[in-house]
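This report examines a protein–DNA model at residue level.

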Amino acid sequence: MASSSKELTWIEKIYALVRKIPKGRVTTYGTIAEKVGTRTTSRMVGWAMNASHTATPRVPAHRVVNRNGVLTGKHHFGSPTLMQELLEAEGLTIENDKILNFNEYKYLFDDEK
DNA sequence: ACCGTGACTGGCA
DNA sequence: ATGCCAGCCACGG
């Protein structure tokens, strides 16, 4: 590829994937990391989310939780309860900072089943 | 160029 | 079942 063109950074891919998450669905960092590539790990996803605040359009990071279905990053939304409220507003149920029936709400993207 | 940090995950005790 | 440790890669100072 012509070196002139800068390939999209793995961060951009993460944003695209997260934005693809339909309303009322959630996903895990590990899933996204695997979708982006081996160069990206779960930690990188979380780190990328940190930068997502400046990304446009805004990335629904509140739909991204850890593999436990726990709102690990809720503290990064400006309010410790904002993330939960956002998810609940989408029809999800949060109990003790954890998503109930998380397995049913987990979004695996079209590529996966 | 080196070190520290990070919204994770999986394995082992 | 719970807790701790190590691995993973990238970015900022």
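In this predicted model, the side chain of T27 reaches the backbone oxygen of Y107 at a distance of 3.4 Å. T27 is placed in strand β1, which spans residues 27-28. Its relative accessible area is 0%, and because the limit for a buried residue is under 20%, T27 is classed as buried. Leaving aside residues up to four places away in sequence, T27 touches I21, I32, R63, V64, V65, Y107 and F109.

**Nonpolar core**

The largest nonpolar core contains 29 residues, and those touching the most other members are I14, V18, I32, M49, L87 and I99. At least two residues of this core are supplied by each of α1 (10-20), α2 (29-36), α3 (42-52), β2 (64-65) and α4 (82-89). The largest share, five residues, is contributed by α1. In soluble globular proteins, nonpolar side chains tend to be buried together.

The surroundings of V18 illustrate the packing within this region. With residues up to four places away in sequence not counted, V18 touches I32, M49, V59, P60, A61 and V64.

**Surface near DNA strand B**

There are 16 residues around DNA strand B, of which Y29, R43, M44, R67 and H76 come nearest. By class, the residues of this surface comprise five nonpolar, nine polar and two charged. Which elements give two or more residues to the surface near DNA strand B, and which gives the largest share?

| Residue | Protein atom | Atom of DNA strand B | Distance |
|---|---|---|---|
| Y29 | N or O atom in the side chain | base nitrogen | 3.0 Å |
| M49 | polar backbone atom | base nitrogen | 3.2 Å |
| H76 | N or O atom in the side chain | phosphate oxygen | 3.0 Å |

The elements giving two or more residues to this surface are α2 and α3. The largest share, six residues, comes from α3. Of the atoms of DNA strand B within 4 Å of the protein, 51% belong to sugar or phosphate, and the rest belong to bases.

Conventions
Residues are numbered from 1 along each chain as its sequence is written. Chains are lettered from A and ligands numbered from 1 in the order in which they are written. This is a predicted model: local features need pLDDT of at least 70, side-chain atom pairs count only at pLDDT 80 or more; totals for chains, interfaces and linings use all residues. Side-chain values use heavy atoms; hydrogens and water are left out. A nonpolar core is a set of buried Ala, Val, Leu, Ile, Met, Phe, Trp, Tyr and Cys residues joined through side-chain atoms within 4.5 Å. Buried means under 20% relative accessible area, exposed over 50%, partly exposed in between (1.4 Å probe, protein chains only). Helices (H or I, at least four residues) and strands (E, at least two) are DSSP runs, numbered from the N terminus. Contact means heavy atoms within 4.5 Å. A residue is near a molecule or strand if one of its heavy atoms lies within 4 Å of it. A polar contact is a pair of N or O atoms within 3.5 Å; within protein, one must be able to donate a hydrogen and the other to accept it, and residues adjacent in sequence count only if both atoms are side-chain atoms. Ala, Val, Leu, Ile, Met, Phe, Trp, Tyr, Cys and Pro count as nonpolar, Asp, Glu, Lys and Arg as charged, and the others, Gly among them, as polar.
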